[in-house]
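Here's a protein model to look over together, in plain questions and answers.

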Amino acid sequence: MLVERETIERAQAGDSVAFSEIVRVYRKRILGTIYRLIGRSEDVEDVSQEVFVRLYYSLDQLRSVEVFEPWLYRLTTNAAYDYLRKRRRSSNVRMADLSEEQVVAADAAESGRRDDELREHTETREFLDVLLSEVSEEDRILLTLKEVQGLSLKELSKIYEVNENALKVRLFRARKRALKAHEALKKRQPNR
Amino acid sequence: MNPNTEQELDQLFASSRNAFPEIEASPNFLADVWAKIEERRASSWMMLVSRWSPRLALAGGIAAAVITFTAAMNSQTARSQELLNSSYVDVLTADSFDAHDGSHWFLAGRR
């Protein structure tokens, strides 16, 4: 755990200094996870802040300090899930819809190895975002945590509160749906 | 399923692991979190009030109706009590007075 259990207990008791300490320590990790889950840098900070607001209002529901991290991950995936659902409703996930960062990257990618790498990364993120927007939010989150974030089955089973076998089944099905979406995308964009 | 697709998906996931640069929090990150916490607190209080106000209005209406009904019942009971307490002669006199508009008593008095 990145913080002392005492800090969490103090935050649970309403100590704002302890809560601020938790935010300071975990913000980088949450920002990274949210970025991978939602795929858009411009909304990462907003969604991450939402995670901490939810954390503040639900800290009293945390049964044991030992499960703080999986529990924080659960809050993170829930916030990402709500964001993705809202985004799907407004249906603004399309290849043509370039983020600010992508526009800057596209401008910068005129020459040089670093620019090429940057462009490659941008394209990968962009394609991953398009592919994962073709599957459900649940599948997207599970696949991202496992395949992109690199969490183990053990870590995932703590977050999802299910046993590893059940998780394997879920992952298998999610992967199958992602493969189907990938094939469909390839038909639409044969140059990928 | 095409085995190439499986391989491509694995490749995509593998290259995605390094494709996300680290994001630094803005200097106002913590301050913004606290501002949102306060904002949520205020809006949840407002929500509580707005959620309860129709119920409070309904309860007020019901209470007013009950009070009005009770007052009406009390006044009716008082009137029936008055009628029950008067003697047979009183009631007969009142009836007779009402029937003749009191005029024959007046004439009888004059004679």
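## What makes the core a core

Among the 46 residues of the largest nonpolar core, the ones that touch the most other members are A:Ile34, A:Ile38, A:Val47, A:Phe52 and A:Ala80. The element giving the most to this core is α2(A), with 10 residues. Keep in mind that this is a predicted model.

Q: What makes a set of residues a nonpolar core?
A: The members have to be buried residues of nonpolar kinds such as Ala, Val, Leu, Ile or Phe, joined through C-beta atoms within 7 Å.

Q: Which residues is A:Ala80 in contact with, leaving aside its neighbours within four places in sequence?
A: A:Ala80 is in contact with A:Ile34, A:Leu37, A:Ile38, A:Val47 and A:Ile141.

Q: How many helices and strands does chain A have?
A: Chain A comes out with nine helices and zero strands. Buried residues make up 33% of its 192 residues. Looking at contacts in chain A with a separation of 6 or more, 60% join residues 24 or more positions apart.

Q: Which residues of α3(A) and α4(A) meet?
A: From α3(A) come A:Asp43, A:Val47, A:Glu50, A:Val51, A:Arg54 and A:Leu55, and they meet A:Leu72, A:Leu75, A:Thr76, A:Ala79, A:Ala80 and A:Tyr83 of α4(A). By class, that contact has eight nonpolar, one polar and three charged residues.

Q: What makes α2(A) and α4(A) oblique to each other?
A: The axes cross at roughly 40 degrees and come within 10 Å. To count as roughly parallel, the angle would have to be under 35 degrees, and roughly perpendicular begins at 65. The angle falls between those cut-offs, so the pair is oblique. The crossing of α2(A) and α4(A) is right-handed.

Q: How many nonpolar, polar and charged residues does the contact of α2(A) with α4(A) have?
A: On the α2(A) side sit A:Tyr26, A:Ile30, A:Thr33, A:Ile34, A:Leu37 and A:Ile38, meeting A:Leu72, A:Thr76, A:Thr77, A:Ala80, A:Tyr83 and A:Leu84 of α4(A). They divide into nine nonpolar, three polar and no charged residues.

Q: How do you know whether A:Glu161 is buried or exposed?
A: Count the other C-beta atoms within 10 Å: there are 10. The limit for exposed is 12 or fewer, so A:Glu161 is exposed. A:Glu161 lies in the loop between α8 and α9 of chain A. It also has a positive phi of about 55 degrees although it is not a glycine.

Q: What about A:Lys154, buried or exposed?
A: A:Lys154 has 9 other C-beta atoms within 10 Å, and with a limit of 12 or fewer that makes it exposed. A:Lys154 is found in helix α8 of chain A. From A:Lys154 to A:Leu167 is 13 residues in sequence and 9.5 Å in space, C-alpha to C-alpha.

Q: How many residues of chain A are in contact with chain B?
A: There are 29 residues of chain A in contact with 24 residues of chain B. On the chain A side, α2(A) gives the most, with nine residues. That side has 13 nonpolar, eight polar and eight charged residues.

Q: What does chain B look like in secondary structure?
A: Chain B has four helices and zero strands. Of its 111 residues, 6% are buried.

Q: Why are α9(A) and α1(B) called roughly perpendicular?
A: They pack at an angle of about 100 degrees, with their axes 10 Å apart. Roughly perpendicular covers 65 to 115 degrees, so α9(A) and α1(B) qualify. In this pair, A:Ala178, A:Leu179, A:His182 and A:Glu183 meet B:Thr5, B:Glu6, B:Glu8 and B:Leu9. The contact has three nonpolar, two polar and three charged residues.

How values were computed:
Residues numbered from 1 in each chain as written. Chains lettered and ligands numbered in written order. Predicted model: local features only at pLDDT ≥ 70, side-chain atom pairs only at ≥ 80, totals over all residues. Contact = placed C-beta atoms within 7 Å. Helix = DSSP H or I, 4+ residues; strand = E, 2+ residues; numbered from the N terminus. Nonpolar A, V, L, I, M, F, W, Y, C, P; charged D, E, K, R; others polar. Buried ≥ 20, exposed ≤ 12 C-beta atoms within 10 Å, placed from the backbone. Axes fitted to C-alpha atoms, helices over the stretch in contact; angles between N-to-C directions. Parallel < 35°, antiparallel > 145°, perpendicular 65-115°, else oblique. Left-handed = near helix turned anticlockwise from the far one by under 90°.
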